[in-house]
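Please look over the structure shown here before reading on. The questions and answers below refer to it.

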Amino acid sequence: MRTVQSGASLHDATIVLDDRVVLRAANVSVGPGLTLVRGPNGSGKTTLLRALAGLLPLARGDRTASGDVLYIGHRPMLLRGLTARENLQFFVRFRGGDTRGIDGALRAWGVGDDMDRPVEHLSAGERRRAALARVETERVSVLLLDEPFTELDDAGSSRLRLTIARARDDGRTVVVATHGHFELDDLTSSRIMIDGGAATAA
């Protein structure tokens, strides 16, 4: 089943955090396919993705988005006290989806043996893989992934590349912020370079 095509955009968007301009007059539009956001550490990649997700207030400018958005950042953002399976069930049900594919997704991501352990008892890599399994279980149209390869081993990195490729082929909007991982270049339809709070199409 293909996802309804959609995307997100920022128009003349400026973000100020702690009295510092972090993103300045950004005009960014992302749509179906894979967009890579690249730039050095501290350049504003995370701020850009969080702005597209609607998680940061704009000092000026506008944000638009069509379709449901899933943002996965540096932290896995899983609910403590719940197991990996219970976390994914919660998020899927919140969106009104079908939970039947959760066990299979967790097994595919290498968390099958530990899916019933509270997430705080999982390793950092297991928590990361459980969070990324949400890409396969939640039928959102816009995926915003901030340095998603962090804490992944080779098997996890291969699974992530396959998952990104499938999401792209399914007509979803996929945005990945990274300062490396050039193995994604052959999947990419557009690029954004960001440095010093300025975002430009590359």
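What follows is a set of questions and answers on sheets, helices, cores and single residues.

This is a predicted model, in which local features need pLDDT of at least 70, side-chain atom pairs count only at pLDDT 80 or more, and totals for chains, interfaces and linings use all residues. Residues are numbered from 1 along each chain as its sequence is written, and side-chain values use heavy atoms, with hydrogens and water left out.

Q: In what order do the strands of the six-stranded open sheet run?
A: Strands (E, at least two residues) and helices (H or I, at least four) are DSSP runs numbered from the N terminus, and two strands pair if DSSP finds at least two bridges between them. The edge strands here are S5 and S9, each pairing on one side only. Pairing in this sheet is mixed, and the twist averages 15 degrees from one strand to the next. The order is S5-S6-S7-S3-S8-S9.

Q: What angle does the direction of H1 make with that of S6?
A: H1 packs on the six-stranded sheet, touching S3, S5, S6, S7 and S8; contact means heavy atoms within 4.5 Å. Axes are lines fitted to C-alpha atoms, for helices over the stretch in contact, and angles run from 0 to 180 degrees between N-to-C directions. The angle between H1 and S6 is about 155 degrees.

Q: Which residue in S4 is the bridge partner of Leu 10?
A: Strand S1 (residues 8-17) runs antiparallel to S4, and five bridges join the two. The partner of Leu 10 in S4 is Arg 63.

Q: How many of the eight residues of H1 are buried?
A: Buried means under 20% relative accessible area, exposed over 50% and partly exposed in between, with a 1.4 Å probe and protein chains only. The buried residues of H1 are Lys 45, Thr 47, Leu 48, Leu 49, Ala 51 and Leu 52. H1 is therefore largely enclosed by the rest of the structure, the buried count being six of the eight.

Q: Which residues touch the most other members of the largest nonpolar core?
A: A nonpolar core is a set of buried Ala, Val, Leu, Ile, Met, Phe, Trp, Tyr and Cys residues joined through side-chain atoms within 4.5 Å. The largest one has 35 residues. Elements that give two or more residues to this core include S3 (33-38), H2 (84-94) and H6 (154-169). The residues that touch the most other members are Leu 34, Leu 106, Ile 164, Val 176 and Leu 184.

Q: How far apart are the end C-alpha atoms of H6?
A: The expected span of a helix is 1.5 Å times one less than its number of residues. The 16 residues of H6 should therefore span 22 Å, and the model agrees, with the end C-alpha atoms apart by 23 Å.

Q: Is Thr 188 buried or exposed?
A: Thr 188 lies in strand S8 (residues 188-195), where it touches Leu 34 and Leu 36, not counting residues up to four places away in sequence. Its side chain reaches the backbone oxygen of Leu 184 at 2.9 Å, a polar contact, meaning a pair of N or O atoms within 3.5 Å, where within protein one must be able to donate a hydrogen and the other to accept it, and residues adjacent in sequence count only if both atoms are side-chain atoms. Because its relative accessible area is 15%, Thr 188 is buried.

Q: Which side chain does a polar contact of 2.6 Å join to that of Ser 190?
A: Ser 190 is also found in strand S8, and at 29% relative accessibility counts as partly exposed. Not counting residues up to four places away in sequence, Ser 190 touches Leu 34, Thr 35 and Leu 36. The side chain joined to Ser 190 at 2.6 Å is that of Thr 35.
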